[in-house]
Amino acid sequence: MYSFEPSFGAQLLQDAQNGHTRFRLWAPSARAVNVVIDQVAYPLQSLPDGWYEATIRCGAGTQYRFETIAENGDILQCADPASRAQAGDVHDASIVVDPHGYRWLYPLWRGRPWHETVLYEVHVGAFGGFEGVTRQLPALAELGVTAIELMPVADFPGARNWGYDGVLPYAPDASYGTPDQLKALIDTAHGLGMMVFLDVVYNHFGPDGNYLGAYAKPFFRDDIDTPWGQAIDFRRREVRDFFTENALYWLTEYRFDGLRFDAVHAISEQDWLAEMGARIRSVIGEETHNARHVHLVLEHDGNAARFLMDGKTTNPDAPFDAQWNDDGHHALHVLLTGERDHYYRDYCEEPEQKLARCLAEGFIYQGDPSPFRNGEKRGEPSAQLPPSAFVLFLQNHDQIGNRAFGERLTTLARPSALRAAMALVLLSPQIPLLFMGEEIGATQPFLYFTSYDEPALANAVRDGRRQEFSGFAAFADPQQRERIPDPNQPATFEASIPVADDRASEWHAWTHALLTVRRVQLMPHLAGCRAIDSCVLGPGSVAARWRLGNGSVLAMAVNLSENDLAVTLDDIAKTGGADLLFETSGTLAALGRDCLPADSFIALLEPAA
């Protein structure tokens, strides 16, 4: 019932007698291809346009490798690039998987509307694999989380990795568990009323275990590079289909509710994004008669508003629900920490004004010159988009883990200011995201970690990681850079697992209270929400208002400075009869004295006009 048949890889034929599997490989640079099973090589038939195919009598559980023979006679045996599972790691044999082997407990699940989304980003390995995440789901549902977002699970080399170095995009990493265990995770979440999202990486392959370049040279292009190596050639139809079908595979065969597409600004053929999104919408819509909610989210450094749904019209060139709002994070981070290095340079001048623009219009940079980029203009107009077109966060894997020592905001900001900022994020009509451990105020770092077996590669990654920070004043001294943790050491991963301390219950209660207000008071009316206005109240302080779908008005104010400000209630809520939704302790009473306290937050609900 729930399966997808991609153009690539091994497909178990359900209607074949005695178990047969069709094997397909695109290998335009090879003169012959075999599939090797139990040390026997079975030839694949050569087809037009570089394809090879054969149907072999074998069933689920069969281990196999592709064997390619180059024009010069060189022979290579390697995993299937569309392997559904591996018998070990990326260099080991692939496994024929029966996509119908798992029996779904909640087959009628159709998802949830996008405006009901509260995301919780998790690294599967840090939570103990697929089964470990599954055990955490009831507690997260009780907290108020409505969607789990898994960092990439595509097979990567070794047992420890962020996941962005994956090389087998169709295979869940064996160190996390089996395909059926991943399906059980998703099934359990659906039974709890929770969605599950997957972070997918289509802009590059990792440095170890990718053999496509040996037998499919046109998969890559030599004229451009990405920050992570050779660029993938999305000008090729076969390449486009490989990744579009991968997205459909996760959404149909595993029943993920949504995907987050990592760093798509690094894909040179931007038109493919709209093509992929439109195809996903078409296929899922036809299969489910438009009865299923599937959500597509971008990470795009270019603030590409043109790809995002405006909430009013159906545009096949704008098939994505939302984009991660790094602008909003950066402005909040500057206000909380005062940091000015690197890309925070773009936000350290008038950060309050920038935060106000974020709350009213989504992106801060909408074609504006970026000081960090030497005046280069960045972004596209976004004021026409609904607040739900933006995913807002204080922390995520990038913004913590890309720091040299992986510090969380609990170690960088005043706790009272951090709680006020957390209230703003979790009650804003933008889609909120929490990073694992944030709900308990975890203080453990989240470091960059890997587990490469090849010493030369492990050393290169360690040295490259340290060199990345040489442009920061704090790491100008090579001896200081030597203190940056080695990604390949097991201790680096172990230090990144969040652990509750004696303040965890306070943070948990704070998070639960905020998400309860969102669920009860706001969520039913977020569909159709639109921003009204925003303003700066003073240093470190802004106010914003949105008209909800039922006509009522949500008004918020936050003061992230260390000083009280002269602010009246009328500066925040514009009509009489507003109800208090949430406050940091004593904020409403202080506003009665025309004072917005330091490190404070308040949310009010004005009645519909």
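A pocket is an open set of grid points with protein on both sides within 12 Å along at least five of seven lines, and its lining residues are those that have an atom within 4 Å of a point. In this predicted model, the second largest pocket is lined by 18 residues, and those that lie nearest its centre are Trp114, Met309, Gly311, Asp321 and Ser388. The volume of the second largest pocket is about 500 Å³, and its lining divides by class into nine nonpolar, six polar and three charged residues.

By class, the lining of the largest cavity has 13 nonpolar residues, together with four polar and one charged.

Helix packing can be followed in the pair formed by helix H1 (residues 129–143) and helix H2 (residues 179–191), whose axes come within 9 Å and cross at roughly 10 degrees. Because of that crossing angle, H1 is roughly parallel to H2. On the side of H1 the contact is made by Phe130, Glu131, Val133, Thr134 and Leu137, and on the side of H2 by Gln181, Leu182, Leu185, Thr188 and Ala189. Sorted by class, the contact of H1 with H2 has six nonpolar, three polar and one charged residues.

Note on methods: Residues numbered from 1 in each chain as written. Predicted model: local features only at pLDDT ≥ 70, side-chain atom pairs only at ≥ 80, totals over all residues. Heavy atoms only, no water. Nonpolar A, V, L, I, M, F, W, Y, C, P; charged D, E, K, R; others polar. Axes fitted to C-alpha atoms, helices over the stretch in contact; angles between N-to-C directions. Helix = DSSP H or I, 4+ residues; strand = E, 2+ residues; numbered from the N terminus. Parallel < 35°, antiparallel > 145°, perpendicular 65-115°, else oblique. Contact = heavy atoms within 4.5 Å. 1 Å grid on protein atoms, 1.4 Å probe; cavity = no way out; pocket = protein on both sides within 12 Å on 5 of 7 lines; lining within 4 Å. Points joined across faces, edges and corners; volume = space filled by probe spheres on them.
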